[in-house]
Amino acid sequence: MSASTLITVATTGAESSKTDVPTLPTTLDELVETARRCEDAGARLIHVHVRDDRHEPTLDVGRLTETVAALREATDLIVQLSTGGAITDPFEARLAVLDAGPDSCSLTCGTTNFGDGTFLNPYPFMRDLYVKAQDLGVVPEFELFDLGHVHALRRLIDECGLPHGGAVHCDFVLGVPGAAPATPQALLAGVAALPPETTSWSATGIGRGHLPIMATTLAAGGHLRVGMEDNLLLARGVKVEHNVQLVERAVRLAELMQRPAMTAAEARALLRVA
């Protein structure tokens with residue numbers, strides 16, 4: 001069990017609209033301000049979805065490149081770009097995300113029912129993304145929405161070898177309608193099935209599963225992902241006004257469990273990011 005905790009902030013996502021959630025950081029200035037405050041609070045990795053001028057999800061490589069540069073200039077956070085985008089984005093655009101030069105990228109290990117839609121991740125696409133990340137020196141985070149995704153990760157490692165840097169860091173995303181539930185039982189089943197090459201793992205619970213998954217993750221030796229991508233409520237009837245509130249709560253819980261938030265150097269060593 002790690003003596004400290006990597007805290008990731010997933011600030012925006014692709015699902016919530018600016019109209020419904022005005023406090024969602026969708027402009028570059030809002031994202032940079034959020035990143036700075038969350039870093040000061042204890043976050044060490046930022047998981048980024050980018051929006052266009054209409055606040056709609058975009059995978060425009062120019063905008064992604066500008067975002068990576070702005071976050072690096074303003075913070076020492078590990079910058080991780082989502083290669084999921086919106087569930088309607090084509091595979092070619094999702095592969096091109098790596099051309100923006102992030103430190104890390106998400107790599108979802110299987111197709112998932114996503115509410116009324118389908119988040120498509122066929123194995124050939126997963127393999128292409130993995131190999132491109134290896135070639136470009138981008139560290140993947142393997143996103144696991146279901147138990148079958150853990151098995152697909154095993155196949156990727158067997159066929160393609162270890163990722164750039166050699167660290168195998170996974171993130172369980174639990175509670176998406178149509179995928180594994182955000183319960184301690186589901187999380188622990190996934191952790192038990194992880195391949196031995198796994199060097200670290202984190203987890204997040206969508207919505208009401210947020211706190212049970214946080215508590216189980218810390219007790220089981222994992223790391224935490226929090227943020228408005230996954231959770232818009234602090235408590236019943238209490239809306240999140242800023243991502244920093246979720247980071248601060250995660251830091252408090254990690255300290256209570258005697259696994260305080262990692263330093264920037266510890267986080268980079270964990271994920272083997274330069």
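User: What makes a contact here, and which residues does Ala220 touch under that definition?

Analyst: Contact means heavy atoms within 4.5 Å. In this predicted model, Ala220 touches Met1, Leu188 and Trp201, not counting residues up to four places away in sequence. Ala220 lies in helix H7, residues 210–220. Ala220 and Met1 are 219 residues apart in sequence, yet 7.7 Å apart in space, C-alpha to C-alpha.

User: Why is Ala220 called partly exposed?

Analyst: Its relative accessibility is 32%. Buried means under 20% and exposed over 50%. The value falls in between, so Ala220 counts as partly exposed.

User: How do you know that the buried residues of H4 line one face?

Analyst: Tyr123, Phe125, Met126, Leu129, Tyr130 and Ala133 are buried in H4. Seen down the helix axis, they fall within an arc of 160°, so they line one face. They pack against helix H3, strand S6, strand S9 and helix H5.

User: What makes up the largest nonpolar core, and which element gives the largest share?

Analyst: The core has 34 residues. Ile7, Val226 and Val247 are among those with the most contacts inside it. H8 gives the largest share, six residues. Another core, of 31 residues, lies apart from it and includes Leu153 and Trp201.

Technical notes
Residues numbered from 1 in each chain as written. Predicted model: local features only at pLDDT ≥ 70, side-chain atom pairs only at ≥ 80, totals over all residues. Heavy atoms only, no water. Buried < 20%, exposed > 50% of the residue type's maximum accessible area, 1.4 Å probe, protein only. Helix = DSSP H or I, 4+ residues; strand = E, 2+ residues; numbered from the N terminus. Arc of directions from axis to C-beta. Core = buried A, V, L, I, M, F, W, Y, C linked by side-chain atoms within 4.5 Å.
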